[in-house]
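Here are my notes on the model, as numbered points. Please read them with the structure open.

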Amino acid sequence: MIAGIEKIGIWLDIAARRLTQLCVGVMVVVVTLQVIWRYFLRNPIFWAEELARYGLVWMTFIGAAVALRAAQLACMDLLVNLLPAGTKRVVSVTSSLACFALLLFLLWYSVKLVGQPSVVAQMSPAMRVPMSYIYLAMPVGLGLMSIQSLLQLLSAILGKENKQP
């Protein structure tokens, strides 16, 4: 069962990495074109800054899931590393459980936020895209983070090392 869940986690991680790379690529191209059009052709692209900003929002939330899986988020483990193995495992399970609970809480409220009538009715100023598409980055990213956090929790409970791609 754990192997199947781990495969799903790996697949989601690969998809999240690709989506993050796509966001970075789009931002680089759009900002470069914006600079060329604005300063050399004297005709700015009115939607470029907005697209780059929304790409950054999506990249941040999706990239956080990638960083969580790769154990690259900031943590203070100086004292934890000094603990004996049994105590370290208890601390690991407790912190993984707390992280998972927090992510579920944030996921719940981010889904509620995206469904708010004020968000659903709002359009972006330049591109005229529904803002719910932009806000959707929160539940998608937090959902991915919740899945990765659940995998870390299961690994901590079973005493297995997290294998990073």
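Buried means under 20% relative accessible area, exposed over 50%, and partly exposed in between, with a 1.4 Å probe and protein chains only.

1. Basis. This is a predicted model: local features need pLDDT of at least 70, side-chain atom pairs count only at pLDDT 80 or more, and totals for chains, interfaces and linings use all residues. Residues are numbered from 1 along each chain as its sequence is written, and side-chain values use heavy atoms, with hydrogens and water left out.

2. Val31. This residue sits in helix H1, residues 2-40 (helices are DSSP runs of H or I, at least four residues, numbered from the N terminus). Val31 counts as partly exposed because its relative accessibility is 40%.

3. Cysteines. The whole structure holds zero disulfides (a disulfide is a pair of cysteine sulfur atoms within 2.5 Å). Cys75 is in no disulfide; its nearest cysteine sulfur, that of Cys99, is 11 Å away. Cys75 counts as exposed, at 56% relative accessibility. Cys23 has 10% relative accessibility, so it counts as buried.

4. Arg42. Look at the loop between H1 and helix H2 (48-69), where Arg42 is found. Arg42 is not a glycine, yet its phi is positive, about 55 degrees. Why is Arg42 exposed? Because its relative accessible area is 67%.

5. Arg128. Arg128 lies in the loop between helix H5 (117-121) and helix H6 (131-135). For background, most residues other than glycine have a negative phi.

Methods:
Helix = DSSP H or I, 4+ residues; strand = E, 2+ residues; numbered from the N terminus.
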